[in-house]
Amino acid sequence: MLIINDLTLTLKGNGRKIVDGLSITLSRGDKIAVIGEEGDGKSTLMRHLYDGRLTADYITATGSVIMRGAVGYMPQFASETDGNTAVCDYIGNNVYDAIKYTDALALPAELLYSTRRLSELSGGERVKIRLFKLIADNPDVLLLDEPTNDLDANTLEALENFIIQTPKAVLFISHDATLLRRAARGIIHLEQVKRKTECRTTFAAVGYDEYIERRTAGIERQTRIAFKQREEFDAKMRRWQHIYDRVDHEQNTVSRQDPAGGRLLKKKMKSVLSQKRRFERERENLAEAPDSEEAIITRFPASAVLPTGKTVLDLDISDLFAGDKPLAKNVRLTVTGNTKLAIVGANGVGKSTLLKEIKRTLDGRNDLRVSYMPQDYSEVLRSGTPLDYLDTVKGVDLTYARQLLGNMRFTSAEMKCEISALSGGQQAKLIFLHAVLSNANVLLLDEPTRNFSPLSSPAVCDALKGFGGAIISVSHDRTYIDEVCDTVYELTENGLKLVRNDI
């Protein structure tokens with residue numbers, strides 16, 4: 001059991017609250033999802049719940065967190081030291097008692113005994129191993145930060161079923177709308193409104209779809225009430241202004257030979273001004289139009305376009321390797337014009353390796369402007385600030401870049417902080433913005449929506465749907481594949497197999 005009582009978390013650096021007065025009890029069998037925009041504190045909340053010492057350097061906390069029973073926590077990113085550990089050593093001695101969980105995670109049992117280092121596994125394989133180790137320790141409460149990242153379709157479904165069916169209490173962060181709809185039975189929503197000057201923390205003991213419907217209906221209802229009250233108040237003020245103008249005119253034209261009339265008009269004016277003060281107090285109590293946090297994603301310029309018949313890629317790889325490990329053979333792929341293509345396949349089959357090969361093939365092309373979003377953002381995001389990173393774009397106007405960052409809800413402090421201090425979603429936004437400013441007409445995207453919140457993902461998909469160039473992507477995101485991609489290939493050990501072609 002996890003008991004959270006009036007928890008408030010405040011950033012020490014700028015005094016900004018990221019959680020305000022959260023109170024919930026997570027009991028056996030409960031499934032609660034934490035949602036919110038990128039950088040709003042979801043991962044910080046999860047770390048603090050697991051162990052307040054992990055956030056003590058940068059968070060001030062009030063309220064209480066009480067744990068009853070063993071707690072297992074899987075952070076969004078594995079530690080660098082774990083990456084050098086062999087899988088068998090990382091798992092430890094619990095493998096025998098927990099072998100039954102391999103089916104629940106679509107995990108090949110032989111991988112548990114492997115001497116390969118974690119860093120040598122695919123992103124999805126690493127997630128499966130980390131989940132297995134966590135579950136094998138048999139905690140009563142599971143805290144999962146983005147557990148669906150990099151998982152293939154079969155494993156996603158297996159994980160959904162595990163979360164739904166396990167008797168353990170589960171608190172999880174996820175960008176996957178399907179998982180949220182299927183598994184969540186309660187929602188914690190963290191919001192930063194009024195340009196990140198005000199924190200709003202909401203808990204609702206309902207499913208994801210019902211919460212979104214209630215939230216939308218509530219915003220619409222409050223907007224109608226505020227508009228109606230404002231309309232009625234404005235009408236009242238217009239009537240008051242008419243009375244004021246009439247009394248003021250009469251005061252200015254009253255004859256000096258009519259002192260009694262002058263005194264009467266002075267009394268009337270005093271009453272009129274007194275009424276105005278009452279109206280001003282009334283104005284303070286009017287219902288406010290709701291300030292809700294909405295996702296804003298900068299769109300690509302109209303000049304980022306390719307002719308329909310232009311050959312973007314003509315790839316022929318007889319054997320695809322990851323180091324010395326053979327992955328696939330006879331990999332052939334041709335991409336033309338503004339095709340939007342997704343490559344799917346099981347974890348470990350070599351999708352990210354193939355995308356890197358495609359990048360190497362296109363790197364020498366002078367007739368294309370290529371932008372690459374890797375699965376590991378550190379491949380393109382070096383040390384420095386967001387503004388430093390955007391300043392690497394040739395000819396960039398930093399004033400304009402700063403404006404676009406602000407539009408994407410970066411504060412001034414976040415624009416100047418170290419990139420490593422940003423959330424995964426904010427780093428994804430930064431890479432996205434770099435592609436926009438570069439006027440890229442070819443996007444190579446490895447799991448492009450993996451770190452965007454379920455509230456941001458629709459805006460990201462809309463921007464990519466409107467992109468006039470070519471997209472070659474690796475993804476397990478069912479919504480992204482259905483809404484953005486017109487061509488889908490499955491990578492197998494025998495090459496690429498066409499799954500869908502809507503062109």
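User: Where is Ile99 found in this model, in terms of helices and loops?
Analyst: The model is a predicted one. Helix H3 covers 87-91 and helix H4 covers 101-104. Ile99 is found in the loop between helix H3 and helix H4.

User: Is Ile99 buried, partly exposed or exposed?
Analyst: Buried means under 20% relative accessible area, and exposed means over 50%. Ile99 has a relative accessible area of 32%, so Ile99 is partly exposed.

User: How many cavities of 30 Å³ or more does a search of the whole structure find?
Analyst: The largest cavity holds about 80 Å³ of space. The second largest cavity has a volume of about 70 Å³. The number of cavities of 30 Å³ or more found in the whole structure is two.

User: Which element gives the largest share of the lining of the largest cavity?
Analyst: Among the residues lining the largest cavity are Phe300, Ser371, Phe432 and Leu464. Strand S13 (370-373), helix H14 (424-437), strand S14 (442-446) and helix H15 (457-465) each give two or more residues to this lining. The largest share is three residues, and it comes from H14.

User: What classes of residue line the largest cavity?
Analyst: The lining includes Met373, Ile431, Ala435 and Val460. Met, Ile, Ala and Val count as nonpolar. By class, the lining has no charged residues, one polar and 11 nonpolar.

User: How many charged residues are in the lining of the second largest cavity?
Analyst: Asp150, Asp176, Glu447, Arg450 and Asp477 are among the residues that line this cavity. Asp, Glu and Arg count as charged. The lining also has two nonpolar and four polar residues. The number of charged residues is five.

User: Which residues lie nearest the centre of the second largest pocket?
Analyst: This pocket has a volume of about 630 Å³. Its lining has 31 residues. Those nearest the centre are Glu120, Leu121, Ser122, Ser352 and Thr353.

Terms used: Residues numbered from 1 in each chain as written. Predicted model: local features only at pLDDT ≥ 70, side-chain atom pairs only at ≥ 80, totals over all residues. Heavy atoms only, no water. 1 Å grid on protein atoms, 1.4 Å probe; cavity = no way out; pocket = protein on both sides within 12 Å on 5 of 7 lines; lining within 4 Å. Points joined across faces, edges and corners; volume = space filled by probe spheres on them. Helix = DSSP H or I, 4+ residues; strand = E, 2+ residues; numbered from the N terminus. Buried < 20%, exposed > 50% of the residue type's maximum accessible area, 1.4 Å probe, protein only.
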